[in-house]
Amino acid sequence: MATILIVEDEPKMARLLELGFAEDGLATRTAPDAEAGLKILAQEPIDLVVTDLKLPGMNGLEFLQAIKRANASLPVVVMTAFGTVETAVEAMKAGASDYVLKPFSLEEMNLIVHKELDVHQLREENRNLREALGQRYEFKNIVARSSQMQEVLAMVERVAPSNSTVLLGGESGVGKDLIARAIHQHSKRAAGPFIKINCTAIPENLLESELFGYEKGAFTGAVSSKPGKFELADKGTIFLDEIGDVPSTIQVKLLRVLQEREFERLGGTKTLKVDVRVVAATNQDLRAALEQGTFREDLFYRLNVVPISIPPLREHKEDIPYLVDHFIQRFAGEGEKPITGITPAAQKMLMEFHWPGNVRELENIIERAVALSTGTVLDVSDIRLDLSPTRTAASPPAAGTEAKFIPEGLTLEQFEDELIKEALRRANGNKSQAARLLGLSRNTLRYRLSKIGVPDEQ
Ligand SMILES: Nc1ncnc2c1ncn2[C@@H]1O[C@H](COP(=O)(O)OP(=O)(O)OP(=O)(O)O)[C@@H](O)[C@H]1O
Ligand SMILES: [Mg+2]
(Lines give C-alpha, C1' and ligand atoms only; values in the text may rest on other atoms or scores of the structure.)
(Ligands and ions follow the chains in the order given, each with its own letter.)
Protein backbone atom coordinates (compact mmCIF):
# COMPACT_ATOMS: atom_id res chain seq x y z
CA MET A 1 0.00 0.00 0.00
CA ALA A 2 1.44 3.35 -1.03
CA THR A 3 1.62 6.17 1.51
CA ILE A 4 0.84 9.73 0.51
CA LEU A 5 2.04 12.69 2.53
CA ILE A 6 -0.50 15.51 2.41
CA VAL A 7 0.83 18.96 3.23
CA GLU A 8 -2.05 21.38 3.54
CA ASP A 9 -2.78 24.06 6.10
CA GLU A 10 -6.54 24.10 5.65
CA PRO A 11 -7.88 21.30 7.89
CA LYS A 12 -11.04 20.80 5.82
CA MET A 13 -9.11 20.37 2.62
CA ALA A 14 -6.64 18.02 4.28
CA ARG A 15 -9.46 15.92 5.66
CA LEU A 16 -11.14 15.71 2.27
CA LEU A 17 -7.93 14.48 0.67
CA GLU A 18 -7.37 11.92 3.43
CA LEU A 19 -10.83 10.49 2.83
CA GLY A 20 -10.46 10.54 -0.92
CA PHE A 21 -7.14 8.72 -0.84
CA ALA A 22 -8.34 6.21 1.75
CA GLU A 23 -11.26 5.33 -0.48
CA ASP A 24 -8.76 4.64 -3.21
CA GLY A 25 -6.75 2.26 -1.08
CA LEU A 26 -3.95 4.66 -0.23
CA ALA A 27 -2.49 5.32 3.20
CA THR A 28 -1.97 8.94 4.22
CA ARG A 29 0.04 11.11 6.57
CA THR A 30 -0.86 14.74 7.00
CA ALA A 31 1.18 17.82 7.91
CA PRO A 32 -0.14 21.39 8.30
CA ASP A 33 3.08 23.01 7.07
CA ALA A 34 6.35 22.37 5.27
CA GLU A 35 8.41 21.99 8.40
CA ALA A 36 6.18 19.26 9.80
CA GLY A 37 6.15 17.69 6.34
CA LEU A 38 9.94 17.50 6.18
CA LYS A 39 10.00 15.92 9.63
CA ILE A 40 7.67 13.14 8.50
CA LEU A 41 9.67 12.64 5.31
CA ALA A 42 12.83 12.19 7.34
CA GLN A 43 11.29 9.57 9.59
CA GLU A 44 8.81 7.56 7.58
CA PRO A 45 8.64 5.88 4.19
CA ILE A 46 6.57 8.09 1.89
CA ASP A 47 5.80 7.24 -1.73
CA LEU A 48 4.39 10.54 -2.94
CA VAL A 49 3.80 14.05 -1.64
CA VAL A 50 0.75 16.17 -2.34
CA THR A 51 1.34 19.73 -1.24
CA ASP A 52 -0.36 23.06 -1.40
CA LEU A 53 1.84 25.77 -2.88
CA LYS A 54 0.55 28.37 -0.45
CA LEU A 55 1.71 27.33 2.97
CA PRO A 56 2.45 29.20 6.19
CA GLY A 57 6.15 29.66 6.92
CA MET A 58 8.22 27.96 4.24
CA ASN A 59 6.16 28.23 1.03
CA GLY A 60 5.33 25.32 -1.22
CA LEU A 61 8.02 26.08 -3.76
CA GLU A 62 10.76 26.17 -1.12
CA PHE A 63 9.32 23.01 0.37
CA LEU A 64 9.48 21.35 -3.04
CA GLN A 65 13.11 22.33 -3.43
CA ALA A 66 13.93 20.96 0.01
CA ILE A 67 12.26 17.65 -0.86
CA LYS A 68 14.14 17.44 -4.15
CA ARG A 69 17.44 18.07 -2.39
CA ALA A 70 16.76 15.21 -0.01
CA ASN A 71 15.22 12.79 -2.47
CA ALA A 72 15.25 13.85 -6.12
CA SER A 73 13.10 11.00 -7.35
CA LEU A 74 10.20 11.32 -4.90
CA PRO A 75 7.12 12.34 -6.88
CA VAL A 76 5.49 15.58 -5.73
CA VAL A 77 2.09 16.77 -6.90
CA VAL A 78 1.35 20.42 -6.15
CA MET A 79 -2.01 22.04 -5.65
CA THR A 80 -2.44 25.60 -6.68
CA ALA A 81 -5.28 28.05 -6.98
CA PHE A 82 -7.08 28.54 -10.26
CA GLY A 83 -5.52 31.35 -12.28
CA THR A 84 -2.00 30.85 -10.94
CA VAL A 85 -0.65 28.65 -13.70
CA GLU A 86 2.62 30.59 -13.63
CA THR A 87 3.32 29.30 -10.14
CA ALA A 88 2.38 25.83 -11.28
CA VAL A 89 4.83 26.14 -14.14
CA GLU A 90 7.49 27.36 -11.70
CA ALA A 91 6.80 24.32 -9.59
CA MET A 92 7.09 21.99 -12.57
CA LYS A 93 10.43 23.57 -13.42
CA ALA A 94 11.54 23.05 -9.83
CA GLY A 95 10.84 19.35 -10.18
CA ALA A 96 7.17 18.83 -9.34
CA SER A 97 5.77 15.79 -11.14
CA ASP A 98 2.42 17.32 -11.89
CA TYR A 99 -0.07 19.88 -10.64
CA VAL A 100 -3.77 20.22 -9.99
CA LEU A 101 -5.64 23.47 -10.05
CA LYS A 102 -7.97 24.25 -7.18
CA PRO A 103 -10.85 23.63 -7.10
CA PHE A 104 -10.44 20.06 -8.32
CA SER A 105 -12.45 16.86 -8.00
CA LEU A 106 -11.14 13.99 -5.92
CA GLU A 107 -11.39 11.87 -9.01
CA GLU A 108 -8.98 14.14 -10.84
CA MET A 109 -6.58 14.12 -7.91
CA ASN A 110 -6.70 10.34 -7.57
CA LEU A 111 -6.08 9.91 -11.29
CA ILE A 112 -2.96 12.06 -11.15
CA VAL A 113 -1.65 10.47 -7.99
CA HIS A 114 -2.05 6.94 -9.35
CA LYS A 115 -0.42 7.89 -12.61
CA GLU A 116 2.55 9.39 -10.78
CA LEU A 117 2.87 6.37 -8.51
CA ASP A 118 2.85 4.08 -11.55
CA VAL A 119 5.40 6.10 -13.45
CA HIS A 120 7.59 6.30 -10.37
CA GLN A 121 7.39 2.58 -9.83
CA LEU A 122 8.26 1.90 -13.47
CA ARG A 123 11.28 4.15 -13.17
CA GLU A 124 12.46 2.52 -9.96
CA GLU A 125 12.07 -0.97 -11.38
CA ASN A 126 13.90 0.09 -14.48
CA ARG A 127 16.73 1.59 -12.54
CA ASN A 128 17.07 -1.51 -10.36
CA LEU A 129 17.02 -3.79 -13.38
CA ARG A 130 19.54 -1.71 -15.22
CA GLU A 131 21.84 -1.55 -12.23
CA ALA A 132 21.55 -5.29 -11.67
CA LEU A 133 22.40 -6.05 -15.26
CA GLY A 134 24.83 -3.21 -15.78
CA GLN A 135 22.65 -2.59 -18.79
CA ARG A 136 22.79 0.29 -21.20
CA TYR A 137 20.00 0.97 -23.61
CA GLU A 138 21.20 1.14 -27.16
CA PHE A 139 18.79 1.91 -29.96
CA LYS A 140 19.79 2.11 -33.56
CA ASN A 141 20.34 5.71 -34.68
CA ILE A 142 19.59 7.18 -31.28
CA VAL A 143 22.43 8.74 -29.35
CA ALA A 144 21.67 8.51 -25.64
CA ARG A 145 24.70 8.35 -23.37
CA SER A 146 23.42 10.73 -20.70
CA SER A 147 21.41 9.43 -17.78
CA GLN A 148 18.47 11.63 -18.86
CA MET A 149 18.32 10.04 -22.29
CA GLN A 150 18.95 6.57 -20.86
CA GLU A 151 15.87 7.18 -18.74
CA VAL A 152 13.88 8.00 -21.87
CA LEU A 153 15.06 4.84 -23.63
CA ALA A 154 14.32 2.77 -20.55
CA MET A 155 10.74 4.03 -20.61
CA VAL A 156 10.50 3.30 -24.34
CA GLU A 157 11.72 -0.23 -23.82
CA ARG A 158 9.24 -0.73 -21.02
CA VAL A 159 6.13 0.62 -22.77
CA ALA A 160 6.84 -0.38 -26.36
CA PRO A 161 5.54 -3.98 -26.10
CA SER A 162 2.27 -2.89 -24.48
CA ASN A 163 -0.56 -1.23 -26.32
CA SER A 164 -0.63 1.77 -23.99
CA THR A 165 -1.09 5.21 -25.43
CA VAL A 166 2.05 7.29 -25.09
CA LEU A 167 2.24 11.06 -24.92
CA LEU A 168 5.65 12.44 -25.88
CA GLY A 169 6.50 15.90 -24.66
CA GLY A 170 9.49 18.08 -25.35
CA GLU A 171 10.63 21.20 -27.14
CA SER A 172 10.98 21.30 -30.88
CA GLY A 173 13.87 19.22 -32.21
CA VAL A 174 14.47 17.06 -29.12
CA GLY A 175 13.68 13.83 -30.95
CA LYS A 176 9.97 13.18 -30.50
CA ASP A 177 9.61 11.74 -34.00
CA LEU A 178 12.63 9.55 -33.47
CA ILE A 179 11.30 8.19 -30.18
CA ALA A 180 7.80 7.63 -31.61
CA ARG A 181 9.32 5.46 -34.33
CA ALA A 182 11.46 3.62 -31.80
CA ILE A 183 8.34 2.77 -29.79
CA HIS A 184 6.78 1.30 -32.91
CA GLN A 185 9.91 -0.60 -33.90
CA HIS A 186 10.21 -2.16 -30.46
CA SER A 187 6.57 -3.13 -30.28
CA LYS A 188 4.84 -6.31 -31.35
CA ARG A 189 3.39 -4.21 -34.16
CA ALA A 190 6.77 -3.51 -35.73
CA ALA A 191 5.80 -5.45 -38.86
CA GLY A 192 2.62 -3.36 -39.18
CA PRO A 193 2.36 0.18 -40.52
CA PHE A 194 3.65 3.31 -38.77
CA ILE A 195 1.43 6.18 -39.87
CA LYS A 196 2.29 9.74 -38.94
CA ILE A 197 -0.03 12.69 -39.17
CA ASN A 198 1.02 16.22 -38.35
CA CYS A 199 -2.05 17.89 -36.92
CA THR A 200 -0.69 21.42 -37.45
CA ALA A 201 0.30 21.04 -41.07
CA ILE A 202 -3.20 20.11 -42.25
CA PRO A 203 -6.03 22.68 -42.48
CA GLU A 204 -8.93 22.03 -40.11
CA ASN A 205 -11.43 21.09 -42.83
CA LEU A 206 -9.06 18.48 -44.25
CA LEU A 207 -7.80 17.06 -40.96
CA GLU A 208 -11.00 15.21 -40.23
CA SER A 209 -11.11 13.43 -43.57
CA GLU A 210 -7.38 12.71 -43.35
CA LEU A 211 -7.84 11.03 -39.98
CA PHE A 212 -11.07 9.17 -40.56
CA GLY A 213 -11.41 8.95 -44.34
CA TYR A 214 -14.51 9.73 -46.40
CA GLU A 215 -17.12 8.10 -48.60
CA LYS A 216 -17.82 9.07 -52.16
CA GLY A 217 -20.01 12.17 -52.24
CA ALA A 218 -19.32 13.13 -48.62
CA PHE A 219 -18.44 16.64 -49.80
CA THR A 220 -17.95 18.38 -53.14
CA GLY A 221 -14.88 16.91 -54.69
CA ALA A 222 -15.18 13.54 -52.99
CA VAL A 223 -15.45 11.66 -56.25
CA SER A 224 -14.34 8.39 -54.73
CA SER A 225 -14.05 7.06 -51.21
CA LYS A 226 -10.77 7.14 -49.32
CA PRO A 227 -9.57 5.48 -46.13
CA GLY A 228 -8.24 7.70 -43.35
CA LYS A 229 -5.03 7.39 -41.38
CA PHE A 230 -6.69 5.41 -38.61
CA GLU A 231 -7.74 2.77 -41.10
CA LEU A 232 -4.31 2.73 -42.71
CA ALA A 233 -2.70 2.28 -39.31
CA ASP A 234 -4.71 -0.87 -38.54
CA LYS A 235 -2.45 -3.45 -36.80
CA GLY A 236 0.19 -0.79 -36.47
CA THR A 237 0.85 2.56 -34.80
CA ILE A 238 -0.60 5.97 -35.51
CA PHE A 239 1.58 8.92 -34.55
CA LEU A 240 -0.43 12.07 -33.89
CA ASP A 241 2.15 14.82 -34.03
CA GLU A 242 1.44 18.29 -32.57
CA ILE A 243 -1.67 17.00 -30.85
CA GLY A 244 -2.05 20.34 -29.01
CA ASP A 245 -3.15 21.95 -32.26
CA VAL A 246 -6.12 19.71 -32.96
CA PRO A 247 -9.29 21.84 -33.18
CA SER A 248 -12.01 21.08 -30.65
CA THR A 249 -14.46 19.59 -33.16
CA ILE A 250 -11.93 16.91 -33.98
CA GLN A 251 -10.89 16.43 -30.35
CA VAL A 252 -14.34 14.96 -29.68
CA LYS A 253 -13.93 12.44 -32.46
CA LEU A 254 -10.43 11.50 -31.35
CA LEU A 255 -11.75 10.88 -27.87
CA ARG A 256 -14.20 8.37 -29.25
CA VAL A 257 -11.53 6.50 -31.23
CA LEU A 258 -9.30 6.40 -28.16
CA GLN A 259 -12.11 5.08 -26.01
CA GLU A 260 -13.84 2.70 -28.38
CA ARG A 261 -11.35 2.21 -31.18
CA GLU A 262 -14.17 2.88 -33.61
CA PHE A 263 -15.37 5.64 -35.93
CA GLU A 264 -17.17 6.32 -39.20
CA ARG A 265 -15.77 7.72 -42.39
CA LEU A 266 -17.05 11.18 -43.32
CA GLY A 267 -20.39 10.75 -45.02
CA GLY A 268 -20.36 7.09 -44.07
CA THR A 269 -22.81 5.15 -41.93
CA LYS A 270 -20.80 1.99 -41.30
CA THR A 271 -18.92 1.92 -38.00
CA LEU A 272 -15.34 0.85 -38.53
CA LYS A 273 -13.24 -0.91 -35.90
CA VAL A 274 -9.49 -0.59 -35.89
CA ASP A 275 -6.63 -2.09 -33.92
CA VAL A 276 -4.18 0.79 -33.51
CA ARG A 277 -1.64 1.89 -30.97
CA VAL A 278 -1.65 5.63 -30.45
CA VAL A 279 1.46 7.70 -29.86
CA ALA A 280 0.94 11.45 -29.62
CA ALA A 281 3.44 14.27 -29.34
CA THR A 282 3.33 17.89 -28.36
CA ASN A 283 5.79 20.69 -27.79
CA GLN A 284 3.21 22.68 -25.83
CA ASP A 285 2.30 22.51 -22.20
CA LEU A 286 -1.02 20.73 -22.62
CA ARG A 287 -1.90 21.40 -18.99
CA ALA A 288 -1.88 25.10 -19.78
CA ALA A 289 -4.12 24.43 -22.78
CA LEU A 290 -6.50 22.61 -20.42
CA GLU A 291 -6.58 25.64 -18.20
CA GLN A 292 -7.32 27.90 -21.14
CA GLY A 293 -10.04 25.55 -22.29
CA THR A 294 -8.50 24.93 -25.71
CA PHE A 295 -7.84 21.26 -25.03
CA ARG A 296 -10.38 18.78 -23.70
CA GLU A 297 -9.61 17.37 -20.30
CA ASP A 298 -11.07 13.93 -21.05
CA LEU A 299 -8.96 13.67 -24.19
CA PHE A 300 -5.87 14.74 -22.28
CA TYR A 301 -6.28 11.96 -19.72
CA ARG A 302 -6.88 9.42 -22.49
CA LEU A 303 -3.63 10.47 -24.14
CA ASN A 304 -1.54 10.96 -21.04
CA VAL A 305 -1.51 7.29 -20.05
CA VAL A 306 2.25 6.99 -20.29
CA PRO A 307 3.88 10.41 -20.48
CA ILE A 308 7.48 10.47 -21.69
CA SER A 309 9.18 13.81 -21.66
CA ILE A 310 12.31 14.25 -23.69
CA PRO A 311 14.72 16.75 -22.16
CA PRO A 312 16.04 19.74 -24.11
CA LEU A 313 19.61 19.33 -25.35
CA ARG A 314 20.95 21.96 -22.96
CA GLU A 315 20.00 19.62 -20.10
CA HIS A 316 22.05 16.69 -21.41
CA LYS A 317 25.07 18.32 -22.93
CA GLU A 318 27.15 15.20 -22.18
CA ASP A 319 25.56 13.74 -25.31
CA ILE A 320 26.88 16.52 -27.57
CA PRO A 321 30.26 14.93 -28.42
CA TYR A 322 28.56 11.64 -29.31
CA LEU A 323 25.88 13.37 -31.34
CA VAL A 324 28.57 15.30 -33.17
CA ASP A 325 30.41 12.08 -34.05
CA HIS A 326 27.17 10.47 -35.11
CA PHE A 327 26.28 13.34 -37.44
CA ILE A 328 29.80 13.73 -38.82
CA GLN A 329 29.80 10.06 -39.74
CA ARG A 330 26.45 10.32 -41.40
CA PHE A 331 27.09 13.50 -43.41
CA ALA A 332 30.72 12.83 -44.23
CA GLY A 333 29.62 9.41 -45.49
CA GLU A 334 26.81 10.86 -47.60
CA GLY A 335 28.98 13.56 -49.15
CA GLU A 336 32.01 11.26 -49.35
CA LYS A 337 34.07 13.75 -47.46
CA PRO A 338 37.20 12.67 -45.61
CA ILE A 339 36.15 14.34 -42.35
CA THR A 340 37.10 12.38 -39.27
CA GLY A 341 36.40 14.64 -36.30
CA ILE A 342 36.30 18.03 -34.73
CA THR A 343 38.92 20.23 -33.07
CA PRO A 344 38.78 20.71 -29.29
CA ALA A 345 38.07 24.44 -29.75
CA ALA A 346 35.10 23.76 -31.99
CA GLN A 347 33.90 21.08 -29.60
CA LYS A 348 34.09 23.56 -26.73
CA MET A 349 32.05 26.07 -28.68
CA LEU A 350 29.32 23.48 -29.23
CA MET A 351 29.36 22.49 -25.56
CA GLU A 352 28.87 26.07 -24.48
CA PHE A 353 25.96 26.87 -26.78
CA HIS A 354 22.44 26.76 -25.31
CA TRP A 355 20.77 24.98 -28.25
CA PRO A 356 17.30 26.55 -28.50
CA GLY A 357 16.64 24.32 -31.53
CA ASN A 358 17.93 21.23 -29.71
CA VAL A 359 19.30 18.18 -31.56
CA ARG A 360 17.84 19.26 -34.89
CA GLU A 361 19.81 22.50 -34.73
CA LEU A 362 23.01 20.61 -33.90
CA GLU A 363 22.33 18.25 -36.78
CA ASN A 364 21.85 21.15 -39.21
CA ILE A 365 24.99 22.88 -38.03
CA ILE A 366 27.11 19.76 -38.46
CA GLU A 367 25.61 19.10 -41.88
CA ARG A 368 26.49 22.60 -43.03
CA ALA A 369 29.95 22.42 -41.47
CA VAL A 370 30.69 19.12 -43.19
CA ALA A 371 29.48 20.48 -46.52
CA LEU A 372 31.56 23.64 -46.29
CA SER A 373 34.69 22.33 -44.64
CA THR A 374 37.76 21.91 -46.76
CA GLY A 375 39.89 20.12 -44.17
CA THR A 376 39.67 16.75 -42.49
CA VAL A 377 38.56 18.02 -39.09
CA LEU A 378 35.84 20.56 -38.38
CA ASP A 379 37.15 23.74 -36.83
CA VAL A 380 35.64 26.82 -35.22
CA SER A 381 35.51 28.58 -38.58
CA ASP A 382 33.32 25.79 -40.02
CA ILE A 383 30.71 26.11 -37.27
CA ARG A 384 28.03 28.76 -37.65
CA LEU A 385 25.90 29.10 -34.55
CA ASP A 386 22.79 31.24 -34.66
CA LEU A 387 23.60 33.66 -31.90
CA SER A 388 20.84 36.21 -32.35
CA PRO A 389 20.28 37.14 -28.73
CA THR A 390 16.50 37.33 -28.86
CA ARG A 391 16.16 33.69 -29.83
CA THR A 392 14.78 31.93 -26.80
CA ALA A 393 14.81 28.26 -26.13
CA ALA A 394 11.24 27.63 -25.15
CA SER A 395 8.17 27.85 -27.33
CA PRO A 396 7.20 31.28 -28.64
CA PRO A 397 6.03 33.73 -25.96
CA ALA A 398 2.33 34.06 -25.26
CA ALA A 399 0.51 36.90 -26.98
CA GLY A 400 1.20 40.24 -25.38
CA THR A 401 4.44 39.18 -23.70
CA GLU A 402 7.79 40.18 -25.10
CA ALA A 403 10.68 37.75 -25.17
CA LYS A 404 13.29 40.38 -24.38
CA PHE A 405 15.04 38.41 -21.73
CA ILE A 406 17.99 36.12 -21.32
CA PRO A 407 17.45 33.04 -23.46
CA GLU A 408 16.58 30.04 -21.35
CA GLY A 409 19.52 27.93 -20.35
CA LEU A 410 22.01 30.81 -20.48
CA THR A 411 23.45 32.53 -17.45
CA LEU A 412 23.80 36.29 -17.51
CA GLU A 413 27.52 35.91 -18.05
CA GLN A 414 27.12 33.50 -20.95
CA PHE A 415 24.57 35.83 -22.48
CA GLU A 416 27.02 38.71 -22.22
CA ASP A 417 29.71 36.56 -23.79
CA GLU A 418 27.40 35.86 -26.73
CA LEU A 419 26.71 39.58 -27.13
CA ILE A 420 30.42 40.33 -27.06
CA LYS A 421 31.15 37.73 -29.72
CA GLU A 422 28.26 39.05 -31.80
CA ALA A 423 29.58 42.60 -31.54
CA LEU A 424 32.99 41.42 -32.64
CA ARG A 425 31.44 39.71 -35.62
CA ARG A 426 29.44 42.78 -36.58
CA ALA A 427 32.57 44.87 -36.32
CA ASN A 428 34.42 42.39 -38.54
CA GLY A 429 36.88 41.68 -35.78
CA ASN A 430 37.71 45.32 -35.16
CA LYS A 431 37.96 45.59 -31.38
CA SER A 432 37.63 49.37 -31.09
CA GLN A 433 34.46 49.29 -33.10
CA ALA A 434 33.11 46.30 -31.17
CA ALA A 435 33.83 48.14 -27.90
CA ARG A 436 31.88 51.14 -29.19
CA LEU A 437 28.93 48.91 -30.14
CA LEU A 438 28.89 47.53 -26.62
CA GLY A 439 29.51 50.79 -24.82
CA LEU A 440 32.65 49.35 -23.24
CA SER A 441 36.16 50.70 -23.08
CA ARG A 442 38.63 48.92 -25.33
CA ASN A 443 40.49 47.62 -22.29
CA THR A 444 37.36 46.20 -20.70
CA LEU A 445 36.52 44.48 -23.96
CA ARG A 446 40.01 43.02 -24.21
CA TYR A 447 39.73 41.76 -20.65
CA ARG A 448 36.36 40.12 -21.37
CA LEU A 449 37.65 38.61 -24.59
CA SER A 450 40.61 37.07 -22.84
CA LYS A 451 38.21 35.51 -20.35
CA ILE A 452 36.13 34.01 -23.16
CA GLY A 453 39.30 32.69 -24.69
CA VAL A 454 39.43 34.89 -27.78
CA PRO A 455 43.15 35.55 -28.39
CA ASP A 456 44.44 39.11 -28.41
CA GLU A 457 46.51 39.35 -31.57
CA GLN A 458 48.15 42.65 -30.80
N1 LIG B 1 19.12 11.32 -29.53
C2 LIG B 1 19.27 11.51 -30.85
N3 LIG B 1 20.18 10.81 -31.54
C4 LIG B 1 20.33 11.00 -32.87
N5 LIG B 1 19.62 11.86 -33.60
C6 LIG B 1 18.69 12.58 -32.97
C7 LIG B 1 18.45 12.45 -31.56
N8 LIG B 1 17.46 13.29 -31.22
C9 LIG B 1 17.08 13.92 -32.33
N10 LIG B 1 17.81 13.50 -33.41
C11 LIG B 1 17.68 13.99 -34.79
O12 LIG B 1 17.34 15.36 -34.72
C13 LIG B 1 16.33 15.69 -35.68
C14 LIG B 1 15.12 16.23 -34.96
O15 LIG B 1 14.47 15.18 -34.26
P16 LIG B 1 12.89 14.96 -34.33
O17 LIG B 1 12.36 15.30 -35.68
O18 LIG B 1 12.62 13.62 -33.80
O19 LIG B 1 12.46 16.08 -33.28
P20 LIG B 1 11.00 16.51 -32.79
O21 LIG B 1 11.06 16.55 -31.32
O22 LIG B 1 10.00 15.63 -33.45
O23 LIG B 1 10.89 17.98 -33.32
P24 LIG B 1 9.54 18.85 -33.67
O25 LIG B 1 8.87 19.18 -32.38
O26 LIG B 1 10.08 20.05 -34.34
O27 LIG B 1 8.71 17.96 -34.56
C28 LIG B 1 16.06 14.42 -36.45
O29 LIG B 1 16.79 14.42 -37.66
C30 LIG B 1 16.54 13.32 -35.53
O31 LIG B 1 16.97 12.22 -36.27
MG1 LIG C 1 8.47 16.09 -34.77
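## Salt bridges and a helix pair

Modeller: Let's start with Asp177 and Lys196, which form a salt bridge with the closest N and O atoms 2.6 Å apart. The term means a side-chain nitrogen of Lys or Arg within 4 Å of a carboxyl oxygen of Asp or Glu. By the way, this is a predicted model, where local features need pLDDT of at least 70, side-chain atom pairs count only at pLDDT 80 or more, and totals for chains, interfaces and linings use all residues. Residues are numbered from 1 along each chain as its sequence is written, and side-chain values use heavy atoms, leaving out hydrogens and water.

Colleague: OK, which parts does the pair of Asp177 and Lys196 tie together?

Modeller: Asp177 lies in helix α7 (residues 176-185) and Lys196 in strand β7 (residues 194-198), so the pair ties together parts 19 residues apart in sequence. Helices (H or I, at least four residues) and strands (E, at least two) are DSSP runs, numbered from the N terminus.

Colleague: Where do Arg426 and Glu422 sit?

Modeller: In helix α16, four residues apart, which is about one helical turn. Arg426 counts as exposed at 59% relative accessibility, whereas Glu422 counts as buried at 16%.

Colleague: And which residues are linked in a network?

Modeller: Asp98, Lys115, Glu116 and Arg287 are linked by salt bridges.

Colleague: New topic: at what angle do α13 and α15 pack?

Modeller: Helix α13 (residues 320-334) and helix α15 (residues 358-372) pack at about 45 degrees, with axes 9 Å apart. Axes are lines fitted to C-alpha atoms, for helices over the stretch in contact, and angles run from 0 to 180 degrees between N-to-C directions. The two helices are therefore oblique to each other; angles under 35 degrees count as roughly parallel, over 145 as roughly antiparallel, 65 to 115 as roughly perpendicular and the rest as oblique.

Colleague: Which residues make the contact?

Modeller: Among them are Leu323, Phe327 and Phe331 of α13, and Leu362, Ile366 and Val370 of α15. Contact here means heavy atoms within 4.5 Å.

Definitions and conventions: Chains lettered and ligands numbered in written order. Buried < 20%, exposed > 50% of the residue type's maximum accessible area, 1.4 Å probe, protein only.
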